[in-house]
Amino acid sequence: MKALIVGAGIAGPVLALWLRRIGFEVVVTEARPSPALAEGAFLGVAPNGMRVLDTLGVADAVAQLGHPCRAFSFSNAAGRTIGSIDRSGDERAFGWPLTMIRRADLHTALTAIVERQGIPIHFGHELTGVEQSATGLEARFANGARLEADLLVGCDGLRSKTRTACFPDCPRPELTGLVDLGGFARVSRLPFRPQVNQMVFGKRAFFGAFTTPEGETWWFHNGPPGEAPTHARLLELHRDDPPWILELVAATPHVLGPWPIHELGRVPAWTRGRVALLGDAAHAMSPSAGQGASLAMEDAMELARCLRDAPDVPTAFRAFEKLRRPRVDRIFREAQRQSNRKAPGPIAAWFRDRLLPLFVRFGAAAQTEAYSFRIDWEQRAA
Ligand SMILES: Cc1cc2nc3c(=O)[nH]c(=O)nc-3n(C[C@H](O)[C@H](O)[C@H](O)COP(=O)(O)OP(=O)(O)OC[C@H]3O[C@@H](n4cnc5c(N)ncnc54)[C@H](O)[C@@H]3O)c2cc1C
């Protein structure tokens, strides 16, 4: 069985490893000229995602480059703590902690593992079209290349060409109204401990920061769209928020982004014949729940399990979609709820300050539920 994977972001390399495990011949194609990828600057691989990597035997390689997160703390624009979530027991409870990692490091690690297993990744191959027949398919690329395969999986993210080529009636991703920026800086004496995700509902925008044990602080900002993301604009948007935010932004050599945050939650079908979508290509969600990457990893494992156990490719793809939809839809709605709470403004702030302790309790329970999800590789899928 020859599988063509389009996209070497997060879902693509993880799927390549799973398909190799079930004995498939695998080729990965990637539009970018090299593995370098930095959208979002850094991210958290949740315990459920780390467990997928663990079953593959590659979690240690990722954990070595990242840092465990021990807690979340939420404050308002005045710097008053309005809620917190203790995550110090995650390793014991789920096997792995929420692992914060620079995105570029995650990509470099995953692509290196794939290449070490002898799976080819063709960089500079941007998919432009797919032709299916009764017995197989042919994929066309912008550089003139054509590749044949028995099945194709679109792991090509939010703006998936696989989706637009094979599912022409699919709605487009929608803007959430928030834009993400990020950066890395060193500032001494921050008013929160290392390895805590410190979240601030600022007056005009949301701000998150995480300090590594080595003292580097990774930060992101979710704010309104507007002019180019300069230091000056960020300092203006956060001028009434805790002063450490201004200090951190001022100490950042390069502000990264902007990344307008999109959602794609109403894809009518994830599979058609010998083509399937997974990860953001099928279900992009607001990063507020911190689950996009981990869901993409779960998708990859589940798809491989279905291909291993089903009698043919279309049956495997249908089983995959049926198994994955409920979980993805649930987390999509939770991400949406959390994203909506980031809306700035005095009325929103008044309600949030009063209701956040309650939201935090629900949020902690939703997080724990998401983290505890397991796919049993040994069990038959279909
Ligand atoms: C700002 C931001 C912060 C985030 N933070 C978190 C977080 O903390 N935790 C979390 O779990 N998730 C987070 N996410 C979400 C997470 O990044 C995504 O859910 C995840 O990257 C999805 O992986 P993917 O492989 O499906 O898509 P991607 O990672 O987007 O990879 C898609 C790949 O396909 C390639 N490609 C695109 N078109 C083509 C084509 N035509 N031909 C060939 N290749 C193509 C792209 O170049 C890319 O390499 C965040 C997202 C953003 C934007």
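Tutor: Two strands count as paired if DSSP finds at least two bridges between them. Please keep that rule in mind as we read this model, which is predicted.

Student: How is the rule applied to a pair, and how many bridges join strand β2 to β8?

Tutor: Strand β2, residues 25-30, is joined to β8 by three bridges. The number meets the cut-off of at least two, so the strands count as paired. The two strands run parallel.

Student: Which order do the six strands of the open sheet follow?

Tutor: The order is β8-β2-β1-β12-β19-β18, and the pairing is mixed. The edges of this sheet are β8 (121-123) and β18 (271-272), each of which pairs on one side only. Helix α1, residues 11-21, packs on the sheet and touches β1 (2-6), β2 and β12 (151-154). The direction of α1 makes about 170° with that of β1.

Student: Where are the edge strands of the open sheet of three strands?

Tutor: That sheet has the order β3-β7-β4, with antiparallel pairing. Its edge strands are β3, at 42-45, and β4, at 67-68, and each pairs on one side only. Between β4 and β7 (residues 99-102) there are two bridges in the antiparallel sense.

Student: How many residues lie between β9 and β10 in their hairpin?

Tutor: Four residues lie between β9 and β10. Strand β9 covers residues 127-132 and strand β10 covers residues 137-141, and five bridges pair them in the antiparallel sense. Within this pair, Gly129 has Arg140 in β10 as its bridge partner.

Student: Let us turn to side chains. Is Phe184 buried or exposed?

Tutor: The cut-off for a buried residue is under 20% relative accessible area. Phe184 has 15%, and therefore counts as buried. Phe184 is found in strand β13, residues 174-185. Leaving aside neighbours within four places in sequence, its contacts include Ala41, Phe42, Arg102, Trp218, Trp219 and Leu256. Pro253 is also in contact with Phe184. Although these two residues are 69 residues apart along the chain, their C-alpha atoms are separated by 7.8 Å.

Student: What does Ser286 touch, not counting residues up to four places away in sequence?

Tutor: Ser286 touches Ile261, His262, Glu263, Ala335 and Ser339 on that count. Ser286 is found in the loop between α9 (280-283) and α10 (292-309). With a relative accessible area of 2%, Ser286 is buried.

Student: Which residues form the nonpolar patch on the surface?

Tutor: Leu355, Leu358 and Phe362 form it, with about 270 Å² of accessible area together. Of these, Leu355 is found in helix α12, residues 346-371. Leu355 counts as partly exposed because its relative accessibility is 34%.

Student: How many salt bridges does the structure hold?

Tutor: The structure holds 17 salt bridges. Arg87 forms a salt bridge with Asp90, and the closest N and O atoms are 2.8 Å apart. Arg87 is buried at 5% relative accessible area, and Asp90 is buried at 4%. Another case is Arg239 with Glu236, where the closest N and O atoms are 2.5 Å apart. Here Arg239 is partly exposed, with 42%, and Glu236 is partly exposed as well, with 44%.

Student: Where in the chain are Arg327 and Glu298?

Tutor: These residues form a salt bridge whose closest N and O atoms are 2.7 Å apart. The pair links distant parts of the chain, as Arg327 is in helix α11 (residues 313-340) and Glu298 is in helix α10, 29 residues apart. Both Arg327 and Glu298 are buried.

Student: Which residues are linked in a network of salt bridges?

Tutor: The network links Glu298 and Arg327 with Asp299 and Arg324.

Note on methods: Residues are numbered from 1 along each chain as its sequence is written. This is a predicted model: local features need pLDDT of at least 70, side-chain atom pairs count only at pLDDT 80 or more; totals for chains, interfaces and linings use all residues. Side-chain values use heavy atoms; hydrogens and water are left out. Patches are made of residues with over 30% relative accessible area and no salt bridge: like charges are joined within 9 Å, nonpolar side chains (Val, Leu, Ile, Met, Phe, Trp, Tyr) within 5 Å. Accessible areas come from the Shrake-Rupley method with a 1.4 Å probe; for residues, only the protein chains shown count as cover. A salt bridge is a side-chain nitrogen of Lys or Arg within 4 Å of a carboxyl oxygen of Asp or Glu. Buried means under 20% relative accessible area, exposed over 50%, partly exposed in between (1.4 Å probe, protein chains only). Contact means heavy atoms within 4.5 Å. Axes are lines fitted to C-alpha atoms, for helices over the stretch in contact, and angles run from 0 to 180 degrees between N-to-C directions.
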